[in-house]
Amino acid sequence: MTSTEQSATGHSLAIDGEWRLMLDPHDQGERDRWFADIAYGDARPESAPIQLPGSLQEQGYGDSIAIDTPWTGQLEDRSYYTDDRYARYREPGRISVPFWLQPAVYYQGVAWYQREVHVPTDWADQSVVMSLERVHWESAVWVDDVRIGSERSLSAPHEYRLGRLSPGRHRLTIRVDNRMIVDVGPNAHSVSDHTQGNWNGVIGAMTLRTVPNVSIRRVATFPDVARRSVRVAVDLTGGTRGLGVGKVTVTARLLAAPGGTSQVAEAALEDHRQDLFESGVTESAGHVDIDLALGDQAKLWDEFHPHLYELITVVETSVDGERSSDSRTTTFGLREVGVSGTHIAVNGRPTFIRGTLECCVFPLTGYPPTDMEPWRKIIDVCRAHGLNLLRFHSWCPPEAAFAAADEVGFYFQVEGPIWANLGSSIGEGRSVDGFLIEECRRIVDVYGNHPSFLMMAHGNEPAGRDEEFLAAWVSLMRRLDPRRLYTAGSAWPVLTENDFDIISEPRIQHWGEGLGSRINSQPPETITDYREWVEGRPRPVIGHEIGQWCAYPDLAEIERYTGLMSARNFSIFQDFLVDAGLDDRAEEFLNASGRLQKLCYKEDIESALRTAGFGGFHLLGLSDFPGQGTAPVGVLNAFWEEKGYCTADEFARFCGPTVPLVRLPKRTFDTAEQLTAEVQVAHFGSDSEHMTISWSLSDESGHVWHSGNIGTVFVEVGNKDIHGVLSVSLSDIAEASKLSLLVEAESASGQHYENDWDIWVYPEPERLPARPGVSFSLDIEDSIRRAEAGERVVLFPNLGSPHTDVAFGFSTIFWNTSCTKNQPPHTLGITHDTHHPLFSAFPSAGHTDWQWWEPLEGAQAMILDELPQIEPIVRPIDTWFTARRLGLLWEAQIGSGGVLVCSMRLDGDQRQSQPAARQMLAALSRYVCSEEFAPQVTITGDQLRNCLGTDTGRR
């Protein structure tokens, strides 16, 4: 029974508060009767006080973290245990791990929780049920010396029928085991130290309650939108004498209309049978289905209109003259979900899924909240960023999350607590197969009435005989509960039984692509979409875990970890910066990489939105993922807070129900070119409507160079239409400029939508007259000779190892370099001083932006660890795991001359057709010829040779 599905009859007693704890690391307590008043031998330890609900770890019980702590989680990168860089963090008493957040203590095993309760006198002769909202993981319960049973759900409450308890004092004992009870996969977010941590305890509501002789076991609501009605399925349970004779009444009212009319229906109940006790049966059961009409004006539930109904179910019955009654209150929404072509359809209207992952990351406690306020905050933050769904990766949230989502019209994709991979698998006859079926049935039984519960998968990325097993799973779940859409799994398998498919291919960078990905190997544009993944498919397609773009770890966040988990990983990365003399750059690295991260997410999301018929996406993620080597992939931190470089409003411009889009063939232009772009609107609002679409092209000062109107058009729900074309000459742009193309759409209902795209326009560079004493060279020795003779030299070195060990690309890091086995790129973009004179001719905001794609194509970072005194003009940001001093462009005095060392490849005929690359070369030439070229740091020729490497070679 959940907090929104409550019985109004009987009595209830809270059993939260102080309990006594006994740790049982050798699992001997049951054998030695630790539950009993008198245990065997002297093996039972002294108990310690503990507060429940809660976990033992958060209250300081457990072992200190050690090098051999038996973590629950697969490590792809085990260099922590061998690499000299981490030696100081492996010392006893100073243990710090880099691969996830670190709990203060660790415990994996059996723990015993015990307390006395007083059963009131008026509970005599009444059956008692104990309910524990969420237990991690397996529980067993004793009353006094009698074992009641055990439960092992990771997702649903553990409920125990204690029978009739005599008034007075009784001893309650709960044995909790957080070992891997079933091999659900070491990285499953339901159990893993990668995210919530492997906690031991009980959280949420803890109660004893009495139940009548005939009681309601479950109430399920099955809405029928077309008929504006709901079928109420009531499951009943009773004693061995049956359910008796009586009636079941259901009453519904709209919650948003206090004092409004209620709809009522009832059904007769007749159950005449011989006492089942003689057959050895201990209880009876039955069900009643009632169709309840809600009226022609009944309100629907969706993301725009989250109307909720309260349903009260009452059973009144008489068994052999003994009267009994029970009631249950639940909420539901009049909501149906289906498929319309290749779109998810909510109440018949096409819907675009804009989701992000929630991976059970709660650093302060190490377990999920069971009250509504934290969930309201998370959902409100998601909605503010334009999202409409949370995907719960390999876990199911508590009741409070569903209730919070119901209130505001937010969607959930829930998964079984399974990531059967990395040694685990499904469909091969292991215990996880049966556990998956029983767990998913529990999930839909307990949370199935929530309209927010829109979609379900068995779990994430399975191994084994997954196709045949999960085909049967999808069919079974759809028959058991057709109120939502089902897919076999997140990422795979793609099966004909699926209602929708989640696939990983539609994205701008895939796992393993490295520098061959679209964003790193193809010039930027806003035309590419995923139509090849939609055309010919019979079902909606949702992009799996798109994004995964990193920002530099926010080291100022370390102090936010005031609970169980500490960010020792961030402290290690901070130490690496200090060692490199870069600790004063931490905030700069965060902001520069964060702006590149935002740019990458914008293109990922818009690529999906401009694909006609595409079903949606799941981001990984809006918030940071603290495990798998540390993956700061969110524009929000692990507490769902902004990091300072992207606001919710900025994000929602390109991610929301209605988003203006343009199809640009490129991002950089010559002034002789025409800017032409198609205008599109991805509109998945509540209704089709007329919109007036306009555009403008302005510079950084706000000056509008050009503007125009597409006109007033009818925008249907969807994204298939091109609504117009804008075209404008750029010939009046006299100097290198960054411009912003803004598209605005004003709906007839008064809603305003806008989105923008930066472009760069460059005139033909003027040819500078040759200046004596200034030269360009590809040869190190030649450059040294010329500089020592007093010349100014621009050196384009042909780099070898160790510089080529740094894989440098346009994008920021994908996921991280630890978990991906050093997948390129190894850098998080570039940073530079915007006031440096070079950038007067090459407009740039201090971080990687689209105009940098051309200069960075084929570029190679230089490792400047040998020259700590050098402050690069353009600095690549190295991965936080190595924190090397890198440079892309830097200068130094050698002898009486100077060198400007550039590892961007700006030469070659193909560069002449790339306006930004051509402009960068012109900016370098202008700068090195100017009076402003005056290197402040002096090095020797040998230092230059040593820095660039003896095997650099010549070109």
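Good morning. A salt bridge here is a side-chain nitrogen of Lys or Arg within 4 Å of a carboxyl oxygen of Asp or Glu. The model is predicted, so local features need pLDDT of at least 70 and side-chain atom pairs count only at pLDDT 80 or more, while totals for chains, interfaces and linings use all residues. Residues are numbered from 1 along each chain as its sequence is written, and side-chain values use heavy atoms, with hydrogens and water left out.

Helices (H or I, at least four residues) and strands (E, at least two) are DSSP runs, numbered from the N terminus. Asp-782 is buried, at 18% relative accessible area, whereas Arg-785 is exposed, at 53%. For these words, buried means under 20% relative accessible area, exposed over 50%, and partly exposed in between, with a 1.4 Å probe and protein chains only.

How many salt bridges does the structure hold? There are 67 salt bridges. One of them joins Arg-478 and Asp-499, whose closest N and O atoms are 3.1 Å apart. Arg-478 belongs to helix α4 (residues 466–480) and Asp-499 to the loop between β28 and β29, so this pair ties together parts 21 residues apart in sequence. Another joins Asp-670 and Arg-918, with the closest N and O atoms 2.4 Å apart. That pair links distant parts of the chain, since Asp-670 is in strand β34 (residues 668–670) and Arg-918 is in helix α11, 248 residues apart. Arg-918 is buried, with a relative accessible area of 8%.

Let us stay with helix α11. Eleven of its 15 residues are buried, so the helix is largely enclosed by the rest of the structure. Among the buried ones are Pro-915, Met-920 and Tyr-927. The expected span of a helix is 1.5 Å times one less than its number of residues. For α11 (residues 915–929) this gives 21 Å, and the end C-alpha atoms are 21 Å apart, which agrees.

Glu-854, in helix α10 (residues 853–856), touches Pro-915, Ala-916 and Ala-917, among others, not counting residues up to four places away in sequence. A contact is defined by heavy atoms within 4.5 Å. Glu-854 is buried yet has no salt bridge; the nearest side chain of opposite charge, Lys-666, is 6.3 Å away. In this count Lys and Arg are positive, Asp and Glu are negative, and His and the chain ends are left out.

I turn to the nonpolar core, a set of buried Ala, Val, Leu, Ile, Met, Phe, Trp, Tyr and Cys residues joined through side-chain atoms within 4.5 Å. The largest has 170 residues, of which Phe-412, Phe-651, Trp-852 and Met-904 touch the most other members. Helix α7 (residues 586–609) gives the most to this core, with eleven residues. Met-904 touches residues including Trp-852 and Met-920.
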